Amino acid sequence: MSLKYAVLAALLEGEASGYELSKSFDVSLANFWPATPQQLYRELERLAQDGLVRARTVQQERRPNKRMFTLTEAGRSELGAFAAEPPKRPTAVRDELLIKIQAMDGGDPEVTRALIGERMGWARGKLDRYRRLRDRLIDGRTEEEYLRDCDRVGPYLTLMAGIGFEEENLRWCERALTVLRQRTARG
């Protein structure tokens with residue numbers, strides 16, 4: 001899959017500048033499809049050239065003008081066709097930390113524990129951001145009320161996947177650290 005469909009899906013929320021889209025990606029899509037601001041701007045320009053998004057310039061005083069992007073009907077149609085296709089292949093984990101863990105035997109266990117601790121910090125930070133976003137979405141309602149009444153359920157469901165992923169990351173890190181502590185105590 002290309003970044004194209006992630007950008008089109010993000011624009012379902014409504015008109016956005018490249019900057020706003022970048023912030024949206026950082027919060028709501030980074031858990032499953034990260035992109036740099038430069039990648040997003042390049043993709044927005046391609047999508048505009050292809051007629052899948054419409055760009056308009058907003059004049060601003062004391063600031064540079066900004067471009068606002070919206071989905072066109074062609075963009076909605078292409079996104080709908082993409083959403084109906086089965087994924088090309090199942091998800092595969094490519095994680096450098098796991099290669100390091102695989103190769104850790106015979107190395108310094110303190111270094112390994114530090115790497116796992118760093119992963120835990122990242123996971124906690126992302127989990128906190130995702131939970132804050134969930135709380136903003138729900139806005140005092142129960143999850144059941146939100147899901148019944150919200151306009152779009154997709155962003156919430158992908159957010160739940162991100163929360164589950166980071167919770168599992170933390171569980172694995174805690175278990176790995178326990179195993180390493182037990183092995184150190186034993187040896």
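Trainee: What should I know before I start?
Mentor: The model is predicted, so local features need pLDDT of at least 70 and side-chain atom pairs count only at pLDDT 80 or more, while totals for chains, interfaces and linings use all residues. Residues are numbered from 1 along each chain as its sequence is written, and side-chain values use heavy atoms, with hydrogens and water left out.

Trainee: How many salt bridges are there?
Mentor: The count is 14. A salt bridge here is a side-chain nitrogen of Lys or Arg within 4 Å of a carboxyl oxygen of Asp or Glu.

Trainee: Which residue pairs with R171?
Mentor: E168 does, and the closest N and O atoms are 3.0 Å apart.

Trainee: Where do R171 and E168 lie?
Mentor: Both are in helix α8, residues 154–186, and they sit 3 residues apart, about one turn of the helix. Helices (H or I, at least four residues) and strands (E, at least two) are DSSP runs, numbered from the N terminus.

Trainee: And K88, what does that bridge to?
Mentor: K88 bridges to E85, with 3.4 Å between the closest N and O atoms.

Trainee: Is K88 buried or exposed?
Mentor: K88 is exposed, at 69% relative accessible area, whereas E85 is partly exposed at 42%. Buried means under 20% relative accessible area, exposed over 50%, and partly exposed in between, using a 1.4 Å probe and protein chains only.

Trainee: New topic. How many residues does the largest nonpolar core have?
Mentor: It has 18, and V7, L8, L11, L21 and F25 have the most contacts inside it. α1 (3–10), α2 (18–29), α3 (37–49) and β3 (66–71) each supply at least two of its residues. The largest share, 6 residues, comes from α1. A nonpolar core is a set of buried Ala, Val, Leu, Ile, Met, Phe, Trp, Tyr and Cys residues joined through side-chain atoms within 4.5 Å.

Trainee: Which residues are in the second core?
Mentor: That separate core has 16 residues, including L127, L133, L159 and L180.

Trainee: Why would such side chains group at all?
Mentor: In soluble globular proteins, nonpolar side chains tend to be buried together.

Trainee: What about E43, buried or exposed?
Mentor: E43 is buried, with a relative accessible area of 8%. This residue lies in helix α3.

Trainee: What does E43 touch?
Mentor: Not counting residues up to four places away in sequence, E43 touches L3, K4 and V7. Contact means heavy atoms within 4.5 Å.
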